[in-house]
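Please walk me through this structure, one part after another. I have not seen it before and would like a plain account.

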Amino acid sequence: MAISGEQSTEIAASPEAVFAVASDLEHYPEWQDFLQRVAVKERDGDGRAVLVEAQADAKVTALRLVLRASRSEPTRVAWRSEGGDVKALSGAFDLSRAGDGRTRATFALEVDPGFKLGLLLRGGVGERLRDRILSGMLDGLRRRAESH
């Protein structure tokens, strides 16, 4: 039972400013409520987090996620799981110019929770969690980018 979805929004900030926020994985807990903490395990040559261990609030349980990030500046920040409590997870922010210094941000998520966690996410629980993550990530990104 995979959980997947995609949502978009416009942000009153440049793609470069939005990319800076989306690219800063270790500060995600400051602007969205799904991740409680992020510990950096590996950095790239520019000092940006590329491998993190995160604790996420899935409402039905706390999840340990090990995520590897990739970046295509200033249009995409993506990550995929390399361990943790879910079988597979991938997510990405895709950013494009929307005119007048604005950015169109699309967040896509795909999670295979695995059998045991999947049992907890049956029915409407998985759909509500998906909707909470999609809207929470975009709302948080918009608030953070527009306030900087």
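In this predicted model, strand E3, residues 49-57, runs antiparallel to E2, and seven bridges join the two. One of the paired positions involves Leu35, whose bridge partner in E3 is Ala56.

The next topic is the aromatic side chains. The structure holds six aromatic pairs. Ring pairs link Tyr28, Trp31, Trp79, Phe93 and Phe107 into a cluster.

One residue can be followed in more detail. Gln32 sits in the loop between H1 and E2. Is Gln32 buried or exposed? Its relative accessible area is 6%, and buried means under 20%, so Gln32 counts as buried. What does Gln32 touch, leaving aside residues up to four places away in sequence? The residues in contact with Gln32 are Gly136 and Met137. Gln32 and Leu138 are 106 residues apart along the chain, yet 8.8 Å separates their C-alpha atoms.

The side chain of Gln32 also has polar contacts with backbone atoms. A polar atom of this side chain lies 2.8 Å from the backbone nitrogen of Phe34. The side chain of Gln32 reaches the backbone nitrogen of Leu35 as well, at 3.4 Å. Leu35 is the residue whose bridge partner in E3 is Ala56.

Last comes the confidence of the prediction. The protein has a mean pLDDT of 90, and 92% of its residues reach 70 or more. Among its elements, H1 has the highest mean pLDDT, at 97, while helix H2 (residues 114-120) has the lowest, at 68. Where pLDDT is low, the predicted coordinates should not be read in detail.

How values were computed: Residues are numbered from 1 along each chain as its sequence is written. This is a predicted model: local features need pLDDT of at least 70, side-chain atom pairs count only at pLDDT 80 or more; totals for chains, interfaces and linings use all residues. Side-chain values use heavy atoms; hydrogens and water are left out. Two strands pair if DSSP finds at least two bridges between them. Helices (H or I, at least four residues) and strands (E, at least two) are DSSP runs, numbered from the N terminus. Rings of Phe, Tyr and Trp (its six-membered ring) pair if their centres lie within 6.5 Å; planes under 30 degrees apart count as stacked, over 60 as edge-to-face and the rest as tilted. pLDDT is the predictor's confidence in each residue, from 0 to 100. Buried means under 20% relative accessible area, exposed over 50%, partly exposed in between (1.4 Å probe, protein chains only). Contact means heavy atoms within 4.5 Å. A polar contact is a pair of N or O atoms within 3.5 Å; within protein, one must be able to donate a hydrogen and the other to accept it, and residues adjacent in sequence count only if both atoms are side-chain atoms.
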